[in-house]
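Thanks for coming, everyone. Let me put the structure up, and then we'll walk through it.

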Amino acid sequence: MILVTGATGNYGSKAIEHLLKKGVAVKDIAALVRSEEKTQSLDEKGITTKIGDYADIDSMIRAFEGVDQLLLVSSSDRSAVENRTKHHINAFKAAKKAGVKHIVYTSFVRTPGHEDSDIADFQNSHVESEQFLKESGITYTILQNGIYQEMILAFAGEKVAETGTILFPAQKGKATWVLREELAEAATHVLTTKAHENKTYILTNTESVGFKEIAKDISSALGKEVSYQSPSVDEFKSILQKAGVPGMYIGMFVIWGTAVAQGMMDLKDPTLASFLGRKPKTVKQFIDQVYA
Ligand SMILES: NC(=O)c1ccc[n+]([C@@H]2O[C@H](COP(=O)([O-])OP(=O)(O)OC[C@H]3O[C@@H](n4cnc5c(N)ncnc54)[C@H](OP(=O)(O)O)[C@@H]3O)[C@@H](O)[C@H]2O)c1
């Protein structure tokens, strides 16, 4: 039995679809959900759902009973980064208690200097979680996922087609953006093939792309000129404040923007392509699909 957490979310739901596409029987897949109200699309596929919350270790011990492989989708808790670490450690402890044999954990890509970067807190949570997992004695596979291409939509701004401008403090920084679904597909490759025990994989794209190129690609997809401007962090904050964006989101946008500027997600690696058996989707292909 393979149990996928975060199954009501974007990544987890795609992971379940790809397990089915790879021929894993419905009866051999289970999904962890926080609430019974969100199980409809899983029920329609015939997937067994188990109720559990990363904050409640006992709920996960019950949910993980009979599970051989666990795909642990990292926590999305936005209130405090320490909560994420605690959530992951709770899940690892619960898995050990329930007798899970193999944990596949979705971590995040790291580049040298991440400890002193603007994204350090977020990175440290993954570093600590990975460390705990490695020392737990359970067989693991760590997937250091690249930054989602889908994040480009938020960073470029919902109204980019109207304004014709991308305002984002990423300077000339680049990243090896990856399509979230392809990361989920790669995780299912790990779950359904052999020789991934106690390995850490970097799952990123093989091209680095910055916002100048993103603006060019959006321009060509829209058939309308889009320019890129990288304001100072203070200017950027003040623009978002005036637009009524909540403080928590402003903080997140600043962290992501400066982390891209610092090259914190700019790491090319061929592993994703090898797991997919094809070249990962490029930023241009993604932008053409979304904006055209
Ligand atoms: N690589 C990147 O660029 C990037 C970017 C953003 C996030 N991430 C990470 O990747 C993960 C998956 O991304 P995503 O796009 O699929 O996120 P998502 O759509 O927000 O899904 C998150 C999933 O985690 C579940 N979840 C959250 N807190 C939980 C808890 N306390 N107990 C049990 N389940 C919980 C959610 O359940 P509910 O439906 O009940 O809320 C949801 O199913 C995120 O959680 C985050 O850690 C990566």
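**A walk through the model**

Start with two helices: α10 passes α11 in a right-handed crossing. Before I go on, keep in mind that this is a predicted model.

Two packed helices are described by the angle between their axes and the distance between the axes. For α10, residues 233-242, and α11, residues 247-261, the angle is about 150°. Their axes are 10 Å apart. Who meets whom? On the α10 side, look for V233, F236, K237, L240 and Q241. Facing them from α11 are I250, F253, V254, G257 and T258. Sort that contact by class and you get six nonpolar, three polar and one charged residues.

Next, the ligand. How many residues surround the ligand? The count is 27. The closest are G6, T8, G9, Y11 and S76. Which element gives the most to that shell? Helix α1 does, with three residues. Two elements each supply at least two shell residues: α1, spanning 10-21, and β5, spanning 102-108. By class, the shell has 13 polar residues, nine nonpolar ones and five charged ones.

Now find A7. This residue is in the loop between β1, residues 2-4, and α1. Buried or exposed? A7 counts as buried, because 26 C-beta neighbours lie inside 10 Å, and 20 or more is the cut-off. Leave out residues up to four places away in sequence, and A7 touches G12, S13, I16, A31, L32, V33 and L42. Now look from A7 across to L71. The two are 64 residues apart in sequence. In space, C-alpha to C-alpha, they are 9.9 Å apart.

L71 takes us to the core. The largest nonpolar core has 81 residues. Which of them touch the most other members? L70, L71, I103, V104, I166, A187 and I214. The largest share of this core comes from helix α8, residues 180-192, with six residues.

Take I214 from that list. Set aside its neighbours within four places in sequence. I214 is then in contact with I152, A156, I166, V209, V283 and I287. Note that I166 is also on the list of residues that touch the most other core members.

On to the backbone. One is Q171, with a phi near 50°. That is a positive value in a residue other than glycine. Q171 is in the loop between β7, residues 165-167, and β8, residues 174-175. It counts as partly exposed, because it has 15 C-beta neighbours inside 10 Å.

The other is N198. Its phi is positive too, at about 55°, although N198 is not a glycine. Where is N198? In the loop between α8 and β9, with β9 covering 199-203. N198 is exposed, because 11 other C-beta atoms lie within 10 Å, and 12 or fewer is the cut-off.

Last stop, E162. This residue is found in helix α7, residues 160-163. Why does E162 count as exposed? Because it has 9 other C-beta atoms within 10 Å. Now find E185. Along the chain, E162 and E185 are 23 residues apart. Their C-alpha atoms are separated by 34 Å.

That's the tour. Questions, please.

Definitions and conventions. Residues numbered from 1 in each chain as written. Predicted model: local features only at pLDDT ≥ 70, side-chain atom pairs only at ≥ 80, totals over all residues. Near = placed C-beta within 6 Å. Helix = DSSP H or I, 4+ residues; strand = E, 2+ residues; numbered from the N terminus. Nonpolar A, V, L, I, M, F, W, Y, C, P; charged D, E, K, R; others polar. Axes fitted to C-alpha atoms, helices over the stretch in contact; angles between N-to-C directions. Left-handed = near helix turned anticlockwise from the far one by under 90°. Contact = placed C-beta atoms within 7 Å. Core = buried A, V, L, I, M, F, W, Y, C linked by C-beta atoms within 7 Å.
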